[in-house]
Amino acid sequence: MALLQWALPRLGLRWQGFRRVRRQVCRRIARRLEELGLPDCAAYRSYLDANDEEWVELDRCCRVTISRFWRDRAVFETLRDVVLPALGPAVRAWSVGCASGEEPYSLVLAAAEAGVAIDVLATDVDHALLERARAARYPESSLRGLPPALRAQAFADGRLAPAHRERVTFALHDVRDDPPGGSFDLVLCRNVAFTYFADDVQRAVAGHLHRALRPAGALVVGAHETPAPGPFEPWLRDRGVWRRASAPRNRSAV
């Protein structure tokens, strides 16, 4: 724990944001120590000081990937019933930190139920997760949150139907970098930047998302997250839905 508390700020991450997942991350770090043949965290800290490239491996250990279809069901029902129809009839969306694809594919299913045409760019920093997402084959544990009728219509033997898969394009991208090109009607950045990133990184990411969204476009964050208030205004706040403000303002002025 002491190692993690020391290292997270150096990675641009918040110690407080890892409250519920610290043990998971510490187990990954323990496995990394075994791989390196290091006896303890003090030795690993010295190793980090001597090997700058190891920070990339530590950053990988700190990634949290909790994903399943229709995660936070009320959010996807709100997207289906309110947000997508308001943004439609055709929507271009960006799913940030898409992991193995459950979120962007859930968005496609919600759009199909709403009768809204959608194209989704889904991005993540992990090559392996993106390959799993492209395969679109999922275990029972990932699918159990879906409404039964929707699951029966959209999946066969755990694999998503081609008509839904083709609505999503997957790409390697870090949300801390400049946003992808083009303008989006909807961005999902849930339980990533505004939970785990340090405050200054959150502000930078909020600026990236503001630039990526069209005027009055929608940003969806985790229900317990709050984006920087200058660039965004609440829309359906209890569901984590915000709108792009006309222009970003300095946070200290809000």
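Guide: By class, nine charged residues, two nonpolar and one polar make up the lining of the second largest pocket. Here Ala, Val, Leu, Ile, Met, Phe, Trp, Tyr, Cys and Pro count as nonpolar, Asp, Glu, Lys and Arg as charged, and the others, Gly among them, as polar. The model is a predicted one, in which local features need pLDDT of at least 70 and side-chain atom pairs count only at pLDDT 80 or more, while totals for chains, interfaces and linings use all residues. Residues are numbered from 1 along each chain as its sequence is written, and side-chain values use heavy atoms, with hydrogens and water left out.

The residues lining this pocket are R28, R31, R32, E35, E57, R60, C61, R63, T65, D126, L129 and R132. Two or more of them come from each of α2 (22-36), α4 (54-61) and α7 (127-135), and α2 gives the largest share, four residues. Helices (H or I, at least four residues) and strands (E, at least two) are DSSP runs, numbered from the N terminus. The volume of the pocket is about 260 Å³. A pocket is found on a 1 Å grid over the protein atoms alone, as an open set of points where a 1.4 Å probe fits, with protein on both sides within 12 Å along at least five of seven lines; its lining residues have an atom within 4 Å of a point. Grid points are joined across faces, edges and corners, and the volume is the space filled by probe spheres set on the points.

R28, one of the lining residues, also leads us to C62: leaving aside residues up to four places away in sequence, C62 touches L4, L8, L11, L13, F18, V25 and R28. Contact means heavy atoms within 4.5 Å. C62 is among the residues with the most contacts inside the largest nonpolar core, together with I29, L58, W94, F197, L209 and L219. That core has 43 residues, and helix α12 (residues 199-212) gives the most to it, five. A second, separate core of 38 residues includes L84, A136, L150 and L186. Such a core is a set of buried Ala, Val, Leu, Ile, Met, Phe, Trp, Tyr and Cys residues joined through side-chain atoms within 4.5 Å. Buried means under 20% relative accessible area, exposed over 50%, and partly exposed in between (1.4 Å probe, protein chains only).

From α4, the chain runs through a loop to α5, and D72 lies in that loop. Phi of D72 is near 60°, a positive value in a residue other than glycine. D72 counts as partly exposed because its relative accessibility is 38%.

For comparison, the largest pocket has a volume of about 1100 Å³. Of its 44 lining residues, R190, N191, V192, T195 and Y196 are the closest to its centre. The lining divides into 18 nonpolar, 11 polar and 15 charged residues. N191 is found in the loop between β6 (184-188) and α11, and its phi, near 60°, is again positive in a residue other than glycine. At 22% relative accessibility, N191 counts as partly exposed.
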